[in-house]
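Here is a colleague's note to read beside the model, point by point. Please keep the sequence and the 3D view open while you go through it.

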Amino acid sequence: MAQLLQIHEPGATPEPGTDEAPLAVGVDLGTTNSVVAIGEDAGVRVLRDENGIGLVPSIVAYAADGSAIVGELARRLMLDRPEAVVGSVKRLMGRGIADVKTLAGTLPYQLVDGDGSMGTGGRMARVVVAGHVFSPVEISAEILRALKERAEMQLGRTVDRAVVTVPAYFDDAARTATRDAARLAGLEVLRLVNEPTAAALAYGLDEGAEGIYAIYDLGGGTFDVSLLNMQKGVFQVLATGGDAALGGDDFDHAVAEHFLAQRRQQRGDEPLAVADVKLALMTGRIAKECLSTQKWGEWTLNIGDVPSLHRFDRPALEGLLDPLIDRTIHICRQVLDDAGVDPADVQGVVLVGGSTRVPLVRQRVGELFGREPLSDIDPDEVVAVGAALQAKALTRGSETLLIDVTPLSLGIETMGGIVEKVIPRNTPIPVARAQEFTTYQDGQQAMAIHVVQGERELVDQCRSLARFELRDIPPMTAGAARIRVTFAVDADGLLTVSALETTTGSEQKVAVKPSYGLTEDEMAQMLYDALQHGAEDMRLRVLSEARVEAKRVLVALAAALAVDGDLLTDEERQALDAQVAAVETAIAGEDRDAINAAVEELETLSRPFAERRMDRGIRAALSGRELKDFEAAGR
Ligand code: ADP
Ligand code: MG
């Protein structure tokens, strides 16, 4: 007699047995597709549906009651109920509405301002779908929930921990949003790992030879290339580049345009509904994917109930894709140039993303680097495989724990709007660094701590992450207080800043909840600008420093004049005032040498005044003391 199979109540998942090993899955939360995988003794297993498909389209469809459908089913609804379906939500993670406005043209749904409840720092844009308003975090959580369910079905036990991958360029806000989404879905994130790093890990590059590796990732809507330097098991991001609006979708577009142009030749102009365009795009995608393995094929476009037949082959496809692939190659060259790396110095090239299945892509990448790219692991699963390996290492304990690096420098604003970098970019994490700062004015009792991210020298060209105040500093003369500011970045790249006044022990601490809203374009632009503007930044920095010093001298002099102004004759006072005005004029100008010269002149002019003050001070000190003070001091 056959053994009876046990079935759980709907929604009830089995409790993990106490004797079971701890377990965590690896998740690639992609713009177009997501994948979940598990590391086992025998290797990594991608968790697939009953048809053997590992990819889950990152698409969510909402019913009127707000309940969600995720994946292939949601994708099919896109044609019929576009207003209820949302895709590509990864582009909105950690972004304010102002940041995505530029993207709005390419996102087929309505965006509204957030209400601020998703984070302390700002407002993430929200999506209007099926009459509801959802944050990108909530929508991503639906995708993660579907992946969690798939894993639980396949593994027959509760899954509540994961390693989740993010693009290397994701900033603090986008990383925090990703972590929040996982928490909403009931997944504790053990670690956020950079996608290129995960891909490198999947190929075991951390165990192989030290050297430089290139990760070429062409997905559905984005292109990213990263140069990693692998040394002693640490992956350092040497350089990253990419195009946030270049990917397989553009390939589909090119093919759809081609089919529609053929149709116009056969039938003349005809009106096209939105659904017709979408149908053409879908047909374009199917044809493109098919021609990665087939030499030719025929496809039918059924528009207005009039079918048209389109014969299409690989050379014709390659003609259409060539200029797009060219753009990716050009970006690779730029990134190599930026990092000062010769293509021949690259020890290995890894292909990531479904679009690298296109044979012409492989060929062009191979030609650029002069070597066959690594592609044994499925390019659209490789990131999840690396994440699963990392999850296994974290739960089972392993020698080869991955170490990542900070993508951008973290620093603090000092006087004059200058950035003092506390943790430079590409520092392996986790890391904690402390730096001492001091007060600017006599008796200063509070200090504004402004945390910024970026490569430039001046604050207003970097990104503001957080502001807080250190209070209760005991009144001391300027420069006497010792404020120790500590930056700690955890293994996920999330930052905590604390400030401690060391003489009194007064301490303030903030976990930096960043203001949402930096696009990867801005991120790339910030890195690029830092390279371009190095010299100009330096000039502005020394100018700013001169201004700060000049203002400090003016403040000190004004304070002294207020107390001991009577020590000066009228003529002396007039001469000093005139020179003060000269310094102020110089500060308003752009000439650092003029500022320094004016300050020097002022100091010369005020030297007799300073000497007289000192005399008066000593006399006051001696005559003011009474006998009991000396007695007290002697005890
Ligand atoms: P993302 O990282 O953006 O989530 P993926 O890595 O899953 O995306 O890549 C999705 C893209 O890969 C889509 O544009 C899809 O059409 C394309 N793709 C998938 N399979 C093939 C194939 N066999 N040939 C060409 N393109 C493909
Ligand atoms: Mg991807």
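Predicted model: local features only at pLDDT ≥ 70, side-chain atom pairs only at ≥ 80, totals over all residues.

1. Residues are numbered from 1 along each chain as its sequence is written, chains are lettered from A and ligands numbered from 1 in the order in which they are written, and side-chain values use heavy atoms, with hydrogens and water left out.

2. The largest nonpolar core holds 45 residues, and those with the most contacts inside it are Val25, Val27, Val86, Val127, Ile139, Leu144 and Leu155. Such a core is a set of buried Ala, Val, Leu, Ile, Met, Phe, Trp, Tyr and Cys residues joined through side-chain atoms within 4.5 Å, where buried means under 20% relative accessible area, exposed means over 50%, and partly exposed lies in between (1.4 Å probe, protein chains only). Among the elements that give two or more residues to this core are β1 (25–29), β9 (126–129) and α4 (172–184), but its largest share, eight residues, comes from α3. Helices (H or I, at least four residues) and strands (E, at least two) are DSSP runs, numbered from the N terminus.

3. What does Leu144 touch, leaving aside its neighbours within four places in sequence? Leu144 is then in contact with Val27, Leu29, Ala181, Ala182, Ala185 and Leu187, contact meaning heavy atoms within 4.5 Å. A second, separate core of 40 residues includes Leu301, Val341, Val358 and Leu368.

4. Helix α1 (residues 72–80) packs with helix α7 (residues 274–290) at an angle of about 140°, their axes being 9 Å apart. Axes are lines fitted to C-alpha atoms, for helices over the stretch in contact, and angles run from 0 to 180 degrees between N-to-C directions. The two helices, α1 and α7, are therefore oblique to each other, since angles under 35 degrees count as roughly parallel, over 145 as roughly antiparallel, 65 to 115 as roughly perpendicular and the rest as oblique. Arg75, Met78 and Leu79 of α1 meet Ala275, Lys278, Leu279, Met282 and Arg285 of α7.

5. Side chains of opposite charge can pair when their charged atoms come close. With a salt bridge taken as a side-chain nitrogen of Lys or Arg within 4 Å of a carboxyl oxygen of Asp or Glu, the count comes to 25 salt bridges. Lys90 and Glu195 form one of them (2.7 Å, N to O), and this pair links distant parts of the chain, 105 residues apart, with Lys90 in the loop between β7 (85–86) and α2 (97–100) and Glu195 in helix α5 (residues 195–202). Lys90 is buried at 13% relative accessible area, and Glu195 is buried at 7%.

6. Arg552 and Glu549 also meet in a salt bridge (2.9 Å, N to O); being three residues apart in helix α12 (residues 534–564), Arg552 and Glu549 are separated by about one helical turn. Arg552 is partly exposed at 34%, and Glu549 is partly exposed at 35%. Glu72, Arg75 and Arg76 are linked in a network of salt bridges.

7. Asp217 lies in strand β13 (residues 211–218) and counts as buried, at 13% relative accessibility. Leaving aside its neighbours within four places in sequence, Asp217 is in contact with Glu195, Thr222, Phe223, Asp224, Val352 and Gly353.
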